[in-house]
Each structure stands twice: as C-alpha cells, then as structure tokens.
Amino acid sequence: MKKIKIGHKEISDNSYPFFVAEAGINFDGNFEKCFKLIDAAKKSGADAVKFQTHIADAEMIDTKIMLAHSKKETVFDLMKKCELSLKKHKILKNYCEKKNMIFMSTPFSYEAAKILNALKVKVFKIGSGECNNLPLIEKVTKFNKPTIISTGMNSIEDIKKSFRHAKKFNSNIILMHCVSIYPTPPNKTMLETIPLLKKKFNCPVGFSDHSNDINLAIASVSLGANVIEKHFTVSNSWSGPDISISLTPDKFKEMVKACKEVHLAKGARNKILKEEIPVTKFAFASVVSTKQIKKGELITNKNIWVKRPGTGQIHAREYYKILNKKAKKNIDINKQIKYSDIK
C-alpha cells in the first residue's frame, strides 16, 4: 500500500491513525468559537482540525430545502451564515500551525477549493456529497496535494469511477469509508468495507464515523483504518446541525488513546516472543516418569506422562516420539526423562 505524507504525518499501516477533529460548521457562524475548537482539538490529541469552506452561491441554488434537524433554517441560509472569508481562513490556518496542527477544510465548490489552494493547505478533503462530482474532483486533484475522498452514499462501482478519475491527476489519494446516516447505527456501519477498499484500490483507507460514540472508530483501527475522522465540539450545549453526533474533548481524547492501543495490538504471530520465554519455564510441560522404570523396560503411557515445569530435556510435544522406546537404565519416579535415558 502506498504511503502518503500529510505535513509531518505519515499515513500508512505502520503509523498511528491520522486523527481529524471535524469542526465543520459547529461554530454555527460565530468565528470566535473556531479558536475554541482548535484549542480543544489540540488538547484532545487530534492531528488536524477540519472546517468546511462554503460559498453558498457557488455551491448550490436556494430551493428552500430545510435542514434535516430543524425546520427553522434552510440549508442555503446555514451555508451562508457559515461562510468564512479568505482572511478568516488564513487566520485559522496560522493559528493551527502555531499549535503544530494541520489545518484542513472541505470545499463544496471550485471557488472554495481555490481559496484553500491559495492558502497552500497541505491536504484537500472531498466530502461524501462530492464523491461522485467528477468535475470538482478533477479540479481539486489537479492542485497536486494529497486528497482524501469520503465515500458515503456511493456504491463500490461509483467509488471505482471516482477513484480512477482522481488518479488520472493525482497519485496521493486516500479513501474514507463513510455512511451518511446521522447518527449511523452499528448495524448500518459495514466496517468490513475498510479492508475491502484497501484491497481493491491499494491505497490508505480511513473511517469517517458518524456514530454518536467512539466504539466503532476504535474497532475500525483493527480492520486497518489509517485515518479517523469524527465530528467535534467543545460542548454538547452548543447549537448546530452536527452537535448531536460530535465528540466532546474528553471523549475524543479517550478515542485517540484507545485507537493507538488497538494499532499497537495489530499484527500476527509467527514465532514465540522473547518476552514470553521466561514464562515457558514454568508454564510448559516436560516428559516425566510416573512409576519407577527398570533398565530395558518399554516406555509406555503406563509409566510416563507430561508435567510442568518445561525445564526438562524432552518437551511435551515430543511425548509420542519416545513411546515404545526402551530404558537404558533405571529411572526413578517423577524424574524428567532425558534422551540419554532411553534407546
């Protein structure tokens, strides 16, 4: 699988997952809240803070579609309220970098992508709604920055088309398994899509988790997730469409710790660990005599068995090899058998 660098972070199977705190539009139009989100994300162990770059008139027409969580505000009005100027984007990016964090944002139009490119962002993020937006994917990938593409609401066949299109212009593509249900219940999460995408596309794959807890994100690491993205808020009392599925700083920090532990626990055994060797001395068993054995007597299951510790010359796994051999000399009861005792 290809390794991809985002700033100072390596995205690979050998590295800890890349943790993205999805601030999104959880600042609800209040610019000062953005700084609180960045501060809290830093303390919570996030590698990056991701916002959303909206230019309402460039990304949609106002058809008066209401927000799913509220009948008091249209989608267009919310996008308009959460627009950030180039200047404000620059302020947030500089603030993130002073804290040694990576600034990210999702563009929802080519105009928004151009703003981010002018800022020299280190990575682009394509949201699930734009996963099959081939014209926008082309424009973004041509900026020649690592590009993360979320795959919610798209079939494997649709993902294949988008991935192949993106790869025409940029080799540094990361896919994100995602289910666009808010919140996503466990039985709709389909985490085995993560290794499926890795095998099919041979690229890093992450998990954009829309569940309202941390368990599924933790589980995704054991299946190979290289990036973990979770909606993030400073407080559940804040207003905004994504607050109900957003982690507070304490939960995000707990998730990061658990995900790192799971990452360390990955791997497959092919030999005994050196740290296990001292335990074998008492935990393993050796072949011992269960009766007095006379010289010339046949070794059978009537006069030998296996007992701890494993310090004897003949290990329990070799028990069957010495059956029906003859004793070279007298052997006392409860003695560890040696090869020199038998012929």
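Author: Two strands count as paired if DSSP finds at least two bridges between them. Keep that in mind as we look at this predicted model.

Reader: Thanks! What makes E3 and E4 a pair?

Author: Strand E3 covers residues 18-24, and E4 covers residues 48-53. Four bridges join the two strands, which run parallel. Pairing needs at least two bridges, so E3 and E4 qualify. One spot to look at is Ala-21, whose bridge partner in E4 is Val-49.

Reader: Which strand pairs with E3 over five bridges?

Author: That is E10, residues 227-231, and this pairing is also in the parallel sense.

Reader: Why is E3 called mostly covered?

Author: Seven of its seven residues are buried. Phe-18, Val-20, Glu-22 and Gly-24 point one way, while Phe-19, Ala-21 and Ala-23 point the other way. Both groups are buried. In a regular strand, side chains alternate between the two faces of the sheet.

Reader: Which elements make a β-α-β unit with E3?

Author: They are H1 and E4, and the unit is right-handed. Right-handed means that, with the strands pointing away from you, the path from the first strand over the helix to the second runs clockwise.

Reader: Let's turn to a helix. Which residues of H8 are buried?

Author: Helix H8 spans residues 193-201, and its buried residues are Thr-193, Ile-194, Leu-197, Lys-198 and Phe-201.

Reader: How do you know on which side of H8 they lie?

Author: They cover an arc of only 140 degrees around the axis, which puts them on the same side of H8. The general idea is that an α-helix has 3.6 residues a turn, so residues three or four places apart point the same way. The buried residues of H8 pack against helix H7 (156-167), strand E8 (173-178), strand E9 (205-209) and helix H9 (215-222). Just after H8, Asn-202 takes a positive phi of about 50 degrees.

Reader: Is Cys-82 buried or exposed, and how do you know?

Author: Cys-82 has a relative accessible area of 0%. Buried means under 20%, so Cys-82 is buried.

Reader: How many disulfides does the structure hold?

Author: It holds zero. Take Cys-82: the nearest cysteine sulfur, that of Cys-34, is 8.7 Å away. A disulfide needs the two sulfur atoms within 2.5 Å, so Cys-82 is in no disulfide. For Cys-178, the closest cysteine sulfur is in Cys-131, at 9.5 Å, which is too far for a bond. Cys-178 also counts as buried, because its relative accessibility is 6%.

Reader: Is Thr-106 buried or exposed?

Author: Thr-106 sits in strand E5, residues 102-107. Its relative accessible area is 2%, so with a cut-off of under 20% Thr-106 is buried. Leaving out residues up to four places away in sequence, Thr-106 touches Lys-50, Phe-51, Gln-52, Thr-53, Lys-125, Ile-126 and Gly-127.

Reader: And Arg-308, is it buried or exposed?

Author: Arg-308 has 58% relative accessibility, and exposed means over 50%, so Arg-308 counts as exposed. You will find Arg-308 in the loop between strand E12 (304-307) and helix H12 (319-322). Arg-308 still has contacts: leaving out residues up to four places away in sequence, they are Phe-282, Ala-283, Phe-284 and Ala-285.

Reader: What is the peptide bond that joins Arg-308 and Pro-309?

Author: It is a cis bond, with omega about 5 degrees. The bond from Tyr-182 to Pro-183 is cis too, with omega near -5 degrees. Pro-183 is in the loop between E8 and H8.

Reader: One last stop: what is the phi of Lys-64?

Author: Phi is near 65 degrees, a positive value in a residue other than glycine. Lys-64 lies in the loop between helix H2 (56-59) and helix H3 (75-81). With a relative accessible area of 55%, against a cut-off of over 50%, Lys-64 is therefore exposed. Asn-334, in the segment after H12, has a positive phi of about 60 degrees although it is not a glycine.

Technical notes:
Residues numbered from 1 in each chain as written. Predicted model: local features only at pLDDT ≥ 70, side-chain atom pairs only at ≥ 80, totals over all residues. Heavy atoms only, no water. Buried < 20%, exposed > 50% of the residue type's maximum accessible area, 1.4 Å probe, protein only. Arc of directions from axis to C-beta. Contact = heavy atoms within 4.5 Å.
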